[in-house]
Amino acid sequence: MTKLEKANQYQEENRIDVSEKPVFHFTPPIGWMNDPNGFSIYQDKIHLFYQYHPYSDVWGPMHWGHSVSDDFLKWQELPVALAPDKDFDFAGCFSGSAIETPEGHVLVYTGVQETVEEGGTKGVIQHQCLAIGDGIRYEKVDDNPVISGEQLPEGFSVEDFRDPKIWKEDETYYLVAGNKNEQQNGQVVLFQSENLRTWTYVSVLADNQGKYGMMWECPDFFSLNDKYVLIVSPQNMQADGKEFYDGNQSIAMIGNYDRRNCRLLEEQVLSLDYGTDFYAPQTMETQDGRRIMIAWMQSWEMNIKPAKQKWNGMMTIPRELEIRNGKLYQNPVRELEKYRMEPVIYRGKELSGACTIPGVSGRVLDLSIELQGGDYETFTIQFAKNEKYCSKVCYDRSAGIIEFDRTDSGISRDALCRREIKIKNPDKILKLRMILDKFSMELFINDGVQALTSIFYTPPEAEEIVFICDGTACVNIEKYMVMLD
Ligand code: FRU
């Protein structure tokens with residue numbers, strides 16, 4: 001049996017029952033999942049691949065799992081697309097992307113190969129590889145690897161050279177990949193090709209100049225409303241005010257593109273998400289021209305999953321990106337609206353003290369709260385709550401800070417439980433939209449100009465929502481259950 005057949009058989013025989021999982025957030029059939037890969041349209045369907053180790057709930061030799069959807073929310077599982085079964089990818093089929101071509105659905109991914117030096121020291125090299133398929137089955141091409149580390153300028157890392165993101169402009173294919181320079185600083189390298197098999201090195205599209213962490217993983221580069229956006233996920237970030245936090249983070253660099261030197265001219269750099277669980281985002285363009293981003297909703301540093309649970313890893317809700325007045329906005333895909341049921345709507349409701357609101361509870365919902373005014377100083381939303389557990393979002397009005405806190409969510413490990421977000425465009429009205437799906441909360445602030453994403457594995461029966469206000473607040477509330485069937 002091939003490695004691919006083995007993975008497929010394992011997936012078929014061990015699939016987890018959907019009742020144990022979130023309702024509309026993507027999760028693997030069984031086992032471990034990290035980065036989204038190959039997020040693309042092929043033959044009118046939305047394809048999502050992902051870093052996958054079906055055999056256990058921890059990271060292992062990387063396969064590519066595969067699913068399709070018509071609307072970003074209902075996913076159909078497909079056979080595993082790639083297994084690490086060739087010399088050039090034996091140590092793993094790492095992250096990459098996909099594109100529809102006349103030859104078929106092309107996957108470009110990082111093959112990790114072990115090397116043994118003369119003294120017997122083992123190492124790895126990373127190179128870029130191609131597989132072509134019909135939307136279900138994929139074959140690795142004979143010319144692999146199609147880009148080797150030797151094609152990089154001298155001094156660039158051949159060990160850290162990964163996560164190609166491909167696109168086409170006119171008749172030319174381009175890809176960006178994460179890399180490190182001689183100083184061990186993160187950079188994004190750009191390649192181009194006419195035929196997908198032979199690639200030429202073009203430039204360093206951007207580098208971190210000693211800021212923004214070290215190795216840059218999972219780059220993505222695209223134009224958006226007259227600007228260019230480079231997304232990268234740096235490792236080893238260092239905290240800076242309330243904009244960047246320590247560790248693995250995902251950032252956006254927004255600016256213009258100097259086409260002559262093939263360089264990004266960045267004008268602003270910001271965190272894509274201020275929560276504890278958001279990494280390795282990847283985007284795609286829909287047929288109606290929307291730029292959609294999905295990310296791994298977990299953190300490398302904190303594994304808070306309950307030990308008994310046999311699947312590990314969720315994706316964020318796919319988010320529409322937009323730049324308006326120089327600001328990047330992200331909001332849940334509009335397709336979510338068709339699955340919103342049983343609206344509960346209050347306008348101009350006065351809240352004071354601790355209160356529950358009829359019809360406003362649950363763990364799978366889309367909840368919008370507009371704080372119109374009042375004399376309060378702090379306003380707290382407790383959710384996923386019962387007598388034992390609770391997570392919260394607290395708004396400190398004069399400080400202009402929102403804090404997320406999962407200390408009492410039932411995490412039995414020493415994990416980071418709080419994150420603060422400084423509201424960038426404070427206005428008289430504060431708009432919050434919370435997307436809850438059993439084990440996750442995605443908070444979109446002021447129409448999506450900032451987002452905070454965090455997970456918690458609180459037992460599902462904890463489903464109360466309590467509002468606590470230290471004065472009086474006048475609020476508009478709109479709550480929907482989200483149901484896929
Ligand atoms: C990011 C990452 C990628 C790599 C993959 C391996 O989370 O480290 O750089 O390709 O995960 O699974």
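**Entry 1: the ligand**

I began with Trp59. One of its polar side-chain atoms lies 3.0 Å from an oxygen atom of the ligand. I keep in mind that this is a predicted model.

Next I checked Gln51. A polar atom in the Gln51 side chain sits 2.7 Å from a ligand oxygen. Then came Asn34, where a side-chain N or O atom is 3.1 Å from an oxygen atom of the ligand.

How much of the ligand does the protein bury? On its own the ligand exposes 320 Å², and the protein buries 95% of that.

I looked up which elements give two or more residues to the shell around the ligand. They are strand S1 (31–42), strand S5 (93–101) and strand S9 (161–169).

I also listed the residues around the ligand. Among them are Asp35, Met62, Phe94, Arg162, Tyr279 and Trp300. By class, the shell divides into five nonpolar, three polar and four charged residues.

**Entry 2: Asp163**

Asp163 is another of the residues around the ligand. I found Asp163 in strand S9.

Is Asp163 buried or exposed? Its relative accessible area is 6%, so Asp163 counts as buried, the limit being under 20%.

I then followed the Asp163 side chain. It reaches the backbone nitrogen of Cys218 at 2.9 Å. Setting aside residues up to four places away in sequence, Asp163 touches Ser95, Thr110, Gln128, Val176, Ala177, Glu217, Cys218 and Pro219. Of these contacts, I noted that Ser95 and Glu217 are also residues around the ligand.

**Entry 3: a hairpin**

I moved on to strands S20 and S21. S20 covers residues 319–324 and S21 covers residues 327–332. How do they pair? They run antiparallel, with six bridges. I picked out Glu320, which stands opposite Asn331 in S21.

S20 and S21 form a hairpin with two residues between them. In the turn I checked Asn325, which has a positive phi of about 50°.

**Entry 4: Lys310**

Last, I looked up Lys310. This residue lies in the loop between strand S18 (291–296) and strand S19 (311–312). Its relative accessibility is 54%, so Lys310 counts as exposed, the limit being over 50%.

Which residues does Lys310 contact, leaving aside neighbours within four places in sequence? I found Ile16, Ile30 and Gly31.

I compared Lys310 with Ile16 in sequence and in space. They are 294 residues apart in sequence, while their C-alpha atoms are 7.6 Å apart.

Methods: Residues are numbered from 1 along each chain as its sequence is written. This is a predicted model: local features need pLDDT of at least 70, side-chain atom pairs count only at pLDDT 80 or more; totals for chains, interfaces and linings use all residues. Side-chain values use heavy atoms; hydrogens and water are left out. A residue is near a molecule or strand if one of its heavy atoms lies within 4 Å of it. A polar contact is a pair of N or O atoms within 3.5 Å; within protein, one must be able to donate a hydrogen and the other to accept it, and residues adjacent in sequence count only if both atoms are side-chain atoms. Accessible areas come from the Shrake-Rupley method with a 1.4 Å probe; for residues, only the protein chains shown count as cover. Helices (H or I, at least four residues) and strands (E, at least two) are DSSP runs, numbered from the N terminus. Ala, Val, Leu, Ile, Met, Phe, Trp, Tyr, Cys and Pro count as nonpolar, Asp, Glu, Lys and Arg as charged, and the others, Gly among them, as polar. Buried means under 20% relative accessible area, exposed over 50%, partly exposed in between (1.4 Å probe, protein chains only). Contact means heavy atoms within 4.5 Å. Two strands pair if DSSP finds at least two bridges between them.
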